[in-house]
Amino acid sequence: MSLFLLLLLSSFSVASAAHANPFTPKACLVRYWNQRVANDLPKPPFLLSKASPLTAADAAAFTKLAARGAISAHLPAFCAAARLLCFPELPSAATLERHDGDSNFAGYSNENFTNYGVKRVGGRDSFKAYSVEENLPVSSFRRYSRGSETHRDEFSVYGTEGNMADQSFNGYGVASTSSHGEFVEYNKDVNIPNLKFNSYGSGGEGASHSFSSYTEGTNSGAETFATYGKSGNRAPNEFTAYATGSNNVGSGFSGYGQGSEGANSSFTSYGLDGNNPQNSFKGYGDRGDGAVESFKTYREGANVGDDSFTSYAKGSDSAKVNFANYGKSFNEGSDKFTGYGGAPGQAVGFKVYGINNTFKAYDKNTVATFSGYTNRTTSSVDANAALSGKNVNRWVEPGKFFRESMLKTGTVMPMPDIRDKMPKRSFLPRSIASKLPFSTLKLNELKQIFHAGENSTMEKIMADALGECERAPSRGESKQCVPSVEDMIDFATSILGRNVVVRSTESIEGSNSEILIGQVKGINGGRVTKSVSCHQTLFPYLLYYCHSVPKVRVYEADILDPKLKTKINHGVAICHLDTSAWSANHGAFLALGSSPGRIEVCHWIFENDMTWTMAD
């Protein structure tokens with residue numbers, strides 16, 4: 001017993017000493033706050049909790065590695081100790097599992113199936129409930145089922161409800177014969193998918209593929225089908241309910257079906273009811289023979305959206321293409337057909353096709369019929385606007401935007417989902433962040449540091465963040481991306497002065513439900529003021545996009561349960577009084593029924609976002 005007590009007391013002493021160490025990143029941050037912020041108000045625990053968890057020794061060691069450009073060699077340890085976003089490393093090809101018979105992969109995740117099923121004859125493999133509800137699921141199916149014959153692959157409920165899925169099907173089913181691949185509810189309800197089907201099914205004979213309910217309800221991702229089915233023979237492909245109800249998903253079909261013979265592709269309800277889908281068909285069906293393509297209810301009922309058909313079916317022979325109910329979005333999008341057609345025996349039909357389309361270098365020798373093609377007229381624009389008002393609320397969550405008059409005691413209103421859906425990360429200490437590259441010009445260095453492959457999810461995450469950080473500020477805006485709390489303090493005090501306070505909504509209670517507004521307090525006496533708002537940006541370490549917001553009023557409000565009248569949350573809301581520089585398609589105007597500069601727009605500060613103001 002005495003030995004146990006001795007060990008316990010020893011551990012407690014070490015833990016206490018570590019907690020009191022004045023050289024930890026958090027201790028250094030507290031000292032910096034005291035130097036830069038000129039008031040004695042309580043320090044915000046929600047912000048201090050985001051400081052780097054590194055010990056003083058680890059911080060010193062990783063700072064030296066960063067200065068030498070040697071972090072990459074120690075990335076797993078760095079990610080774990082600093083609590084960063086890093087994708088798991090897949091097993092190497094040398095350690096791949098061997099499966100000789102039919103296989104059922106249920107409950108798997110983060111696996112490497114490179115060269116799996118190569119030249120296999122017959123059989124069936126099933127991937128059911130694979131990587132379900134995983135954070136950062138990564139899988140590779142490179143050269144999977146290559147050269148196989150009459151082999152069947154089923155991906156059912158694969159990767160559903162995951163966060164930031166990274167899946168690669170490069171070279172999948174190349175040169176296979178009479179095989180079938182089926183993707184049902186693949187990556188459904190995923191946040192930020194990155195899916196790659198490069199050279200998928202190329203050179204196959206009679207191989208069929210079906211994508212049903214593929215990426216349905218996903219948020220802000222990308223799918224690429226590069227040289228998919230290239231030089232294939234009699235390969236039917238079906239895309240049914242593809243990306244239905246998704247938000248900002250981009251799909252690229254580059255070299256799809258190029259040089260194939262007798263290809264038959266069907267896009268039914270593709271992008272249906274989506275929000276701003278972006279689709280690119282580049283070199284699709286180029287130099288094919290006898291292809292039949294069907295686009296039925298493609299992008300119907302979508303909000304905005306853009307499609308580009310570059311060199312589509314160029315040089316193909318006897319191609320038949322049918323566009324029925326194509327692009328009937330309720331907020332008009334844009335469609336471009338550049339270098340479309342241009343070969344003997346082609347027939348193209350456009351039936352009930354939407355407005356705002358461009359046909360450039362469309363070959364005059366191609367037989368084209370336009371039935372029920374919608375022209376831009378005053379009546380059509382008015383009808384479209386009316387339809388927009390009725391339908392767009394499915395893409396603008398109830399309560400996400402509201403008028404300032406709603407912020408008064410006794411108001412019952414919906415509260416949106418204010419939960420933070422990004423992966424948990426921490427700030428880096430300034431001593432480390434300042435030594436890492438941070439610009440689009442140095443993206444390759446960043447990719448090397450964080451082990452980001454070419455066209456990987458991590459590469460896209462970093463490129464998108466850097467692009468947004470380097471974007472020119474809007475009219476009247478000052479902006480900066482901050483990789484440390486110290487940088488955030490510096491930016492906020494440079495705009496507002498040193499007597500500042502930072503606020504965020506207390507919790508997520510009340511999300512996705514009706515709430516009752518209790519006591520309301522206007523910050524700075526409810527006067528028109530300016531603030532600095534900071535929003536999370538997806539990056540390997542915690543990164544915030546901070547910008548000055550002029551002409552606002554900021555409020556605190558008790559949030560009550562509307563039935564019990566008990567307090568469940570303490571919310572922070574900001575009202576933008578000058579919206580004249582906002583886009584006419586901004587969700588606030590779609591939800592509230594107005595236009596830029598005509599109304600003020602208010603919203604809650606979501607979980608882990610924050611707003612700085614001058615202290616009262």
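Student: Is Lys26 buried or exposed, or partly exposed?
Tutor: Lys26 counts as partly exposed, because its relative accessibility is 38%. The cut-offs: buried is under 20% relative accessible area, exposed is over 50%, and partly exposed is in between, using a 1.4 Å probe and protein chains only.

Student: Before we go on, what kind of model is this?
Tutor: This is a predicted model, where local features need pLDDT of at least 70, side-chain atom pairs count only at pLDDT 80 or more, and totals for chains, interfaces and linings use all residues. Residues are numbered from 1 along each chain as its sequence is written, and side-chain values use heavy atoms, with hydrogens and water left out.

Student: OK. Where is Lys26 found?
Tutor: Lys26 is in helix α2. Helices here are DSSP runs of H or I with at least four residues, strands are runs of E with at least two, and both are numbered from the N terminus.

Student: And what does Lys26 touch?
Tutor: Leaving out residues up to four places away in sequence, Lys26 touches Leu48, Ser49, Ala51 and Ser52. Contact means heavy atoms within 4.5 Å. Lys26 and Ala51 are 25 residues apart along the chain, with 5.7 Å between their C-alpha atoms.

Student: Let's stay with α2. How do the axes of α2 and α10 cross?
Tutor: The two axes come within 10 Å and cross at roughly 10 degrees. Axes are lines fitted to C-alpha atoms, for helices over the stretch in contact, and angles run from 0 to 180 degrees between N-to-C directions. That makes α2 roughly parallel to α10. For the labels, under 35 degrees is roughly parallel, over 145 roughly antiparallel, 65 to 115 roughly perpendicular, and the rest oblique.

Student: Which residues make that contact?
Tutor: From α2 you have Leu29, Tyr32, Trp33 and Arg36, and from α10 Val485, Glu486, Ile489, Asp490 and Thr493. The residues of this contact between α2 and α10 divide into five nonpolar, one polar and three charged. Nonpolar covers Ala, Val, Leu, Ile, Met, Phe, Trp, Tyr, Cys and Pro; charged covers Asp, Glu, Lys and Arg; the others, Gly among them, are polar.

Student: What does Asp490 form with Arg36?
Tutor: A salt bridge, with the closest N and O atoms 3.5 Å apart. Asp490 sits in helix α10 (residues 485–496) and Arg36 in helix α2 (residues 25–36), so the pair links distant parts of the chain, 454 residues apart. The term means a side-chain nitrogen of Lys or Arg within 4 Å of a carboxyl oxygen of Asp or Glu.

Student: Are those two buried or exposed, or partly exposed?
Tutor: Asp490 is partly exposed at 23% relative accessibility, and Arg36 is partly exposed at 30%.

Student: Which residue does Arg430 pair with?
Tutor: Arg430 forms a salt bridge with Asp487, with 2.8 Å between the closest N and O atoms. Arg430 is in helix α7 (residues 430–433) and Asp487 in helix α10, 57 residues apart. Asp487 is buried, with a relative accessible area of 16%, while Arg430 is partly exposed at 27%. Salt bridges that share partners join Arg36, Arg430, Asp487 and Asp490 into one network.

Student: How many salt bridges does a search of the whole structure find?
Tutor: It finds 15 salt bridges. One of them is between the side chains of Arg403 and Glu600, at 2.8 Å from N to O. Arg403 lies in the loop between α6 (378–391) and β21 (412–415), Glu600 in the loop between α11 (587–592) and β28 (601–604), 197 residues apart. Glu600 is buried at 14% relative accessibility, whereas Arg403 is partly exposed at 32%.

Student: New topic: which residues of α9 are buried?
Tutor: Thr457, Met458, Glu459, Ile461, Met462, Ala465, Leu466 and Cys469 are buried in α9. Helix α9 (residues 457–470) has 14 residues and reaches 20 Å from first C-alpha to last, close to the 20 Å expected at 1.5 Å a residue. The expected span is 1.5 Å times one less than the number of residues.

Student: And what's the phi of His451 and of Asn455?
Tutor: His451 has a positive phi of about 55 degrees although it is not a glycine, and Asn455, also not a glycine, has a positive phi of about 60 degrees. His451 lies in the loop between α8 (443–449) and α9, and Asn455 lies in the loop between α8 and α9. Asn455 is exposed at 51%, while His451 is partly exposed at 38%.
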